[in-house]
Structure formats: C-alpha cells, structure tokens
Amino acid sequence: MTLLSITDLDVFYGKAQALHGVSLDVTAGEIVAIIGPNGAGKSTLLDSILGLTKRQGSITFDGQDITRMAAAKIVRLGIGYAPERGHLFPFMGVRENLLVGAYRKRDEIDANLAKVFGLFPRLEERQKQESATQSGGERQMLSLGRALMSSPKLLIIDEPTMGLAPRVCQEIAAVIRDLNQQTGLTVVVSEQNVNFAMSLAGQVYLLETGRIREKGTPEDLRQKLDIAETYFGA
Amino acid sequence: MAIQILIHGFLLSGLYALIAIGFTMIFSVGRVLNLAYGVYIMLGGYTYFMAAQEAGLPVFVSFILALLSGVAFGLLTYELLVRRLENNPVAVEISTLILAVVMQAAIILIFSPSPKSMWPVLRGVLRFEEVSVTANILLATGVSWVVLALLMLFVRRTHLGRAIRAVSMDRRGALISGIDPRNISRVTWGLSGALGAIAGVFFATITQLDPHMWVFPLITAVAVVIVGGIGSILGGLIAAHIIGFLETITTTLIAPELRGVVTMALIIVVLVVMPKGLFGKEEL
Ligand SMILES: Nc1ncnc2c1ncn2[C@@H]1O[C@H](COP(=O)(O)OP(=O)(O)O)[C@@H](O)[C@H]1O
Ligand SMILES: [Mg+2]
C-alpha cells in the first residue's frame, strides 16, 4: 500500500525554482532514503511534504490530498518530522520539548514518553536539561523523540547524521532500523552520507539540482552509480 | 520616609510587572511591538469606571467586564490589523500606534478630555508605625502577583501555555509539532488584552482616569522589556522593580511631574550600554 505519493512537485523560493517535477512513492512499512549533494533540494522536498513551502503538484498521504494543507493539520494526520537543525525549543528542557511534540496526541503521552526514553536512555537521564545546552547527538535524539511523540505513521528525518561522530551515527541508524522493523514505522530519510542511507533503506532516490536523477534499491543504485564516490566522497 | 519609599516602590513594582508582561508576551510570540497596548489599560480603567461607578455594579462584576473589554480589544487588534500585516513588524507598529491615537480621540469624544475621579477598588488606609499604605495599592499588588504566578503556571504546566512558549522560541519547531501559530497568536493577544485591562483598573485608581493615560504604561512596558531583556520573565520582574523604585524615588523626592521621565532616560541608557538588556534571552 502506498502511504505517501508525490507527483510532479515544483517548489519555488520567490522566483527561484528549487524542485522540478519531483515524483516519489513510499510504501507503508519501508524505509526510503533521499540522497544528494548539498543544495540538491532534499530539505526543500521534505519541507514540502509538511506543507512548509510554496509548491505546485500533488502530494497525497494515507489516501488524503495534503498538497494545500497547513502544517499543523498534516502533523495531525500522522506525519512526524525531524527537520534539519532540529528546530528544538532551546530554553525548554528535554521533557518539555517532548511534551510539545505531543500537542496533538495527548492521550498517548505516557506510552510515547516511555517509548522515546526506551530508545534514547540518555534523554531520560537528563529530562530537565535545556536543549540549548545539549550536544549535537543528544539534540538529534531529542528531535527524533519529539517527532515520535505524535504517534506518527510516517517519520521524516532530514540528514540525521549531519555533524555527528560515527559512533553516534550508528546509534541513530540502529534506532531507525528498530523503529521500522519492530513497530512497522514508515521512514523517509535524507542523507549526504551515502553509506548510512544505503545500509538503512529499501528504496533510494538520488536528487540532484532539484530533480530525481536515479531511483531503485541500494544495489541498483550502487551499480548505476559508480560515480557516487566522486560526488559524495563516500 | 525611606521605608515609605521602599514599601511604595515594592508595591508599585508588582503592578508594573503585570503591565509589562502582557506587552512582552506579544513581542515574544509575534516579534512585534504592540503600541496599542496602553489602550487595553485605558479601556480596563474606563470600563471599570462605567460599570462600578456609573452603573453601580458590584466590584467583582465590574472587574470581569473590564477584563472582557481587554480580551475583546486585544482580539480585535489582532484580527483587524496584525494578522493582515504579518511579516511586516514596522507596519504593525505604525498601525497599532495610530490605533492608540484613534482610541484616545474616541475616549475624548465619549467621556470628554477631563480626568474622571475614580474610587479605589478597595477603600481604607493601613498604618504600621510611621508608614501608611492604601488598601487599594495593597490589593493591586496582591492581584498582580497572583496573576503573574497563575500566568507562570499556565505557560509552564499546560499544553496551551507550552505551545505559546514553543512559538516564541522556534516558530517552525512549533509548526511541525502540530501547533497552529495563528491560534496561538489569537490566544496571546486575547490574554495580553486581559492582562492590560486588569492592570488598567488598578493603574487608573492609583493614578487617574483620562484619555492620555495609555502613554505612561506603554513606556513602562517598553522599558521593562528593554531593561529586562526580551522575553525573560525573571528579567522582566527585576526590571519592573528597578523602574518601580526609580519612579517612586523621583516622584516622591523630586516632583510628581517626573513620572515617566526617568523611565525614558533608562530606556536610552540601556539601549546604548547593553542592547540585549540585563537578561537578554529569547524566551517567555
Ligand atoms: N529559504 C530559502 N530561500 C531561498 N532559497 C533556498 C531556501 N532554502 C533553500 N534554498 C535553495 O534551494 C536549493 C535546495 O536547497 P535545500 O533543499 O536546502 O538542499 P539540501 O537540503 O539538499 O542541501 C538550494 O539551491 C538552496 O540555495
Ligand atoms: Mg538540507
């Protein structure tokens, strides 16, 4: 079953066009990775799913047309978003940040807190710490945790490994894999770290200068793209 | 004399903190200065005057009516002006200033330009040794502190309150948490109107009720925000006390006409010397 379907998406920043006719399908239960160099349009694409850009085309989620929907409503339909740079609330503690994530899902707060603390014990140890004083890795965990607090059907993650040490990247990868395999959560993740993306995803899209250049399984893409290394130095 | 000034300064400061908080909230959430804020204070005063003194309604009912007038006018400011001028703070500031002047004219037309003498909300004077305080200013301070404490609980302990702080800290972060910033703005403007009007009832009974009374509280609010640092509740409380004491000292020891002048001087000094205020951090 297709959970998310994007067709012919054009996105503009003022007059500049950042995405050109992007189409993408996500089947329920799978992990889809969007790879591409800096400035390719990965964040723009993910922001667009959340209704945060000026866009044309069509986006449907879980059978509903969300192309023109406001972000708050899209979140309520079941999309959790961990955006680039986190957009956490710097002067709130860890727990408070998570509680804001539960704004639309107040009946499941206790269960979701337990779930997030189970995935990231470090967050549970420092519930009062303001996110402004957290390390990069902790912030990424909090960002994922906040997104999970709305009990999403689809989790969207923008470059989770950006600026993180390899060990932390592995930790994050393990959590994403667990969520997907154990709870059947569908995940869309963007990455410049090709190895990270390829090791997680069932489907990979390569985005370049606002267009989808290739798509397929990680094996397909590896074969088609020996050049990937020249692009990403991976 | 010294102890009298100390006590009066302290009492007045609570009211100043209340005046300032309603103004700060708007800035934190929408990043605009609401220059019509003084009108909520004036409206609170006039509504209470009409209800309690002209219509003879009970104090509590008059108070609620004043509060509602603030809520209504706050919401109106948001819906009619601010929402339409979103992303243009300068336009918001100019138009709210114009709104304040228009409201001043309206009040003059309806009530005449001359000051009304207001009865205190609570009568009586309390004396301890050589110090005397009116029951009215004690009540004003008590109500101010209770309202501030309730507000603190509201923004820290409720989902809606946290959402207001979330929008003030990271609008996009709030959006992707399922919060509609427009709804939050609406709530904040209504709340700001209520806080201004509550403060206004006391402010009018302590100073006087006239069509120009919106100016001084506005300056006080701006000063608290600038001195305390934008959006910091603790910074605001401390700034309100600095200003409250300065005002009390100058108006009792030098001349009552100096009310506001020291505050304005303080604004300039802080802007030049420490532009982020004493506690500048962008939170509520
Ligand atoms: N807010 C913005 N305003 C104008 N241009 C933008 C904005 N955000 C991104 N862009 C442009 O859109 C293109 C895609 O950017 P982005 O989606 O951030 O790429 P990526 O996430 O793949 O690095 C880039 O050319 C970038 O300069
Ligand atoms: Mg990006």
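1. A residue counts as partly exposed when its relative accessible area lies between the buried limit, under 20%, and the exposed limit, over 50%. K153(A) has 40% relative accessibility, so this residue is partly exposed. Keep in mind that the model is predicted.

2. K153(A) has a partner. Its side chain meets that of D62(A) in a salt bridge, at 2.6 Å from N to O.

3. E138(A) forms a salt bridge with R126(A), with the closest N and O atoms 3.1 Å apart. Here 12 residues separate the partners: E138(A) is in helix α6, and R126(A) is in the loop between α5 (121–125) and α6. Which of them is buried? E138(A) is, because its relative accessible area is 7%. R126(A) is partly exposed, at 40%.

4. Turn to the magnesium ion (ligand 2). Its protein donors are S43(A), through OG, and E84(A), through OE, lying 2.0 Å from the ion. S43(A) belongs to helix α1 (residues 42–49), while E84(A) belongs to the loop between β6 (79–82) and α3 (94–101), 41 residues apart. S43(A) counts as buried because its relative accessibility is 19%, and the limit for buried is under 20%.

5. Now the interface. 23 residues of chain A are in contact with 22 residues of chain B. The buried area between the chains is about 2,000 Å², and carbon and sulfur atoms give 65% of that area. Between the two chains there are 2 salt bridges and 4 residue pairs in polar contact. On the side of chain A that touches chain B, α2 (71–78) and α3 each supply at least two residues. α3(A) gives the most, with 4 residues. That side of chain A divides into 15 nonpolar, 2 polar and 6 charged residues.

6. The side chains of R83(B) and E79(B) meet at 2.8 Å, N to O. R83(B) is partly exposed at 22%, and E79(B) is partly exposed at 22%. Shared partners join E79(B), R83(B) and R186(B) into one network. Over all chains, the whole structure holds 12 salt bridges.

Terms used: Residues numbered from 1 in each chain as written. Chains lettered and ligands numbered in written order. Predicted model: local features only at pLDDT ≥ 70, side-chain atom pairs only at ≥ 80, totals over all residues. Heavy atoms only, no water. Donors = N, O, S within 2.8 Å, 3.2 Å for Na, K, Ca; no water. Buried < 20%, exposed > 50% of the residue type's maximum accessible area, 1.4 Å probe, protein only. Contact = heavy atoms within 4.5 Å. Buried area = accessible area lost by both parts, 1.4 Å probe. Salt bridge = Lys/Arg side-chain N within 4 Å of Asp/Glu carboxyl O. Polar contact = N/O pair within 3.5 Å; in protein donor to acceptor, adjacent residues only side chain to side chain. Nonpolar A, V, L, I, M, F, W, Y, C, P; charged D, E, K, R; others polar.
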